[in-house]
Structures are given as C-alpha cells and as structure tokens.
Amino acid sequence: MPLQLDTGKEGLEMFFKDWQVEALRYLWTVQPEGANSREVWTNVNPRIQGSISRASIINYLNAMVDEDLLIYTEETGKGGHHRVYTMKYGEAEFKQRIAGQIISKLQEYPEETRMVLQT
C-alpha cells in the first residue's frame with residue numbers, strides 16, 4: 001500500500017482516508033489489547049460520513065500489516081480464527097516512520113531536495 005501525499009490536507013489525512021485515520025486512532029486507544037476487524041468496523045462507522053464496509057476495514061488492516069505498521073495475533077472464538085490487530089508504533093513513532101518514507105523518496109532528487117531545504 002504505497003503512501004500518496006495530498007498536500008491539500010493536514011495531519012494523517014494527507015496520507016489516509018478519513019475512515020482509515022479513524023481506524024488508526026481507535027487502535028491507538030485500545031493498546032495494548034488491540035481489536036479485531038469487527039470492533040474496528042463498529043467504532044469507525046459512527047465517526048465518519050457515510051459508511052465503510054467491513055471488508056474494506058479488513059483489507060486496510062491487512063495492508064497495514066504488510067507495510068509493517070500493524071501487527072496481529074490470531075485468536076480463536078465462536079466463528080473460528082480471527083486476527084487481533086495492534087499498532088506496532090505509538091502515534092509519534094508512526095508519524096516518524098511516514099516522514100522517513102517520504103524523505104527516503106526525496107533522495108531520488110538529491111540536488112533539488114537540498115536546494116529546497118536550504119531556502
């Protein structure tokens with residue numbers, strides 16, 4: 001899930017959709033226990049305009065695991081196995097990781113980046 005920067009927005013919304021930001025915020029509030037996709041879904045939907053499907057939540061959480069920003073453990077329950085997601089980093093560290101990714105990409109244009117940073 002490559003990050004895309006929308007300079008017209010601020011904060012985490014520069015990189016993530018509103019419901020994705022709400023999912024992250026919810027997971028930070030339930031640390032260190034974490035939450036399964038149903039819990040994330042039921043807490044995100046009332047906080048956004050419109051609604052988001054549970055499948056979208058699951059796909060997003062799994063993509064964040066693939067990006068090494070979330071971790072999960074598997075638990076068993078009535079419906080079988082399910083994942084319990086937890087944030088790998090606190091909010092400040094998470095933002096630092098995103099900033100690091102952007103800065104590493106700016107190194108593809110070293111002269112231009114240096115010129116902009118010096119002004």
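**Close-ups of a predicted model**

**View 1. V40 and its neighbours.** Leaving aside residues up to four places away in sequence, V40 touches A23, Y26, L27, A35, I57 and L61; contact here means heavy atoms within 4.5 Å. This is a predicted model, where local features need pLDDT of at least 70 and side-chain atom pairs count only at pLDDT 80 or more, while totals for chains, interfaces and linings use all residues. Residues are numbered from 1 along each chain as its sequence is written, and side-chain values use heavy atoms, with hydrogens and water left out.

**View 2. The largest nonpolar core.** Which residues touch the most other members of this core? They are F16, L27, V40 and F94, out of 28 residues. Two or more residues come from each of α1 (18-29), α2 (37-44), α3 (54-66), β2 and α4 (91-106), and α1 gives the largest share, seven residues. A nonpolar core is a set of buried Ala, Val, Leu, Ile, Met, Phe, Trp, Tyr and Cys residues joined through side-chain atoms within 4.5 Å. Buried means under 20% relative accessible area, exposed over 50%, and partly exposed in between (1.4 Å probe, protein chains only). Helices (H or I, at least four residues) and strands (E, at least two) are DSSP runs, numbered from the N terminus.

**View 3. The β1–β2 hairpin.** Strand β1 (residues 70-77) pairs with strand β2 (residues 80-87) in the antiparallel sense, over eight bridges; for two strands to pair, DSSP has to find at least two bridges between them. The hairpin gets from β1 to β2 through two residues. Look for T73, which stands opposite V84 in β2.

**View 4. N45 in its loop.** Here we're in the loop between α2 and α3, where N45 lies. Is N45 buried or exposed? N45 is buried, because its relative accessible area is 16%. Setting aside residues up to four places away in sequence, N45 touches G50, S51 and I52.
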